[in-house]
Amino acid sequence: MTKVLIIEDDNMLGDTLSLYLQGEGYDVIRVDNARDGLLQLQARPDILLLDLMLPDSGNKNPSSLMRQHTAIPIIVISSLTEVSERIRSLTDGADDYVCKPFSMQELKARIEAVLRRYSILNSSVVTEQEFGISLDLARRTVLLNNQRVEMTFSEFEIMKLFILNPGKVYSRYALIEAIRGIDAYINDRTIDVHITKLRKKIEVNPKNPQYIQTIWGVGYKFTP
């Protein structure tokens, strides 16, 4: 049974979400603050539904806080509809962003879509390359010269595409579709931010990248 951790301080919405998802066959854990959410990660949930406006999160984006402690998919559910908040959450580690109010059916569809992509990765075997970078799809791990590189869910999916398809040029639209699904919110700017962060993590000189190269007017490619 798929286990969902809900971190939502609105009791009415939290209870409604819990009842709906339980009725759809999910095992649900629900807490109302970030501290208890971090503790409940020990229960090994499969996915996290995260409100941004939590009483104990201070000025820090909760998606960034949670991503520091888990690699499971994170879907933000928030009343903050500004584009800047969406981009901030997605670049800080969230895998999808749903604005309140939302359809329960749509949320369920997004949960299933994210879990489907995650399941594909987990069912894959370890794939190693010969150019200093190893990709363990089952453990969602990237090794650079035998050192683990910490990555968000979306950063890992981009690296998966690149490493498994060296030399293939990906447009920004192709990357958007691959890591979010065609209906989810993400834009060209967010992809560029992900690429910038990846270069800082794997390149000796991010300003003169060896691996992730820009193809002007088209997109990006991975060069062994």
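Arginine 44 sits in the loop that runs between helix H2 (34–40) and strand E3 (47–50). This is a predicted model, and in it arginine 44 has a positive phi of about 60° although it is not a glycine. Is this residue buried or exposed? With a relative accessibility of 68%, arginine 44 counts as exposed, since the cut-off for that label is over 50%.

The peptide bond leading from lysine 100 to proline 101 is cis, and its omega is near -10°. Proline 101 belongs to the loop between strand E5 (96–99) and helix H5 (104–122).

Three strands form an open sheet in the order E10-E12-E11, and their pairing is antiparallel. Strand E10 (169–171) and strand E11 (212–215) are at the edges with a single partner strand each, so one side of each has no neighbour in the sheet. On average, neighbouring strands here are turned by 30° against each other, direction ignored. Between E10 and strand E12 (residues 219–222) there are three bridges in the antiparallel sense, and tyrosine 170 stands opposite tyrosine 220 in E12.

| Helix | Residues | Strands touched | Angle of directions |
|---|---|---|---|
| H6 | 153–164 | E10, E11 and E12 | about 60° with E12 |
| H8 | 188–202 | E11 and E12 | about 145° with E11 |

H8 has a helix partner as well. Two packed helices are described by the angle between their axes and the distance between the axes. For helix H4 (residues 83–91) and H8, the angle is about 30° and the axes are 10 Å apart. Angles under 35 degrees count as roughly parallel, and H4 and H8 are therefore roughly parallel to each other. The crossing of H4 past H8 is right-handed.

Which residues of H4 and H8 meet? From H4 come Ile87, Leu90 and Thr91, and from H8 come Thr190, Val193, His194 and Lys197. Sorted by kind, the residues of this contact are three nonpolar, three polar and one charged.

If you are looking at the structure as you read, H8 is a handy place to begin: this helix packs on the sheet through E11 and E12, and H8 also packs with H4.

Key
Residues numbered from 1 in each chain as written. Predicted model: local features only at pLDDT ≥ 70, side-chain atom pairs only at ≥ 80, totals over all residues. Heavy atoms only, no water. Pairing = 2+ DSSP bridges. Helix = DSSP H or I, 4+ residues; strand = E, 2+ residues; numbered from the N terminus. Axes fitted to C-alpha atoms, helices over the stretch in contact; angles between N-to-C directions. Contact = heavy atoms within 4.5 Å. Parallel < 35°, antiparallel > 145°, perpendicular 65-115°, else oblique. Left-handed = near helix turned anticlockwise from the far one by under 90°. Nonpolar A, V, L, I, M, F, W, Y, C, P; charged D, E, K, R; others polar. Buried < 20%, exposed > 50% of the residue type's maximum accessible area, 1.4 Å probe, protein only.
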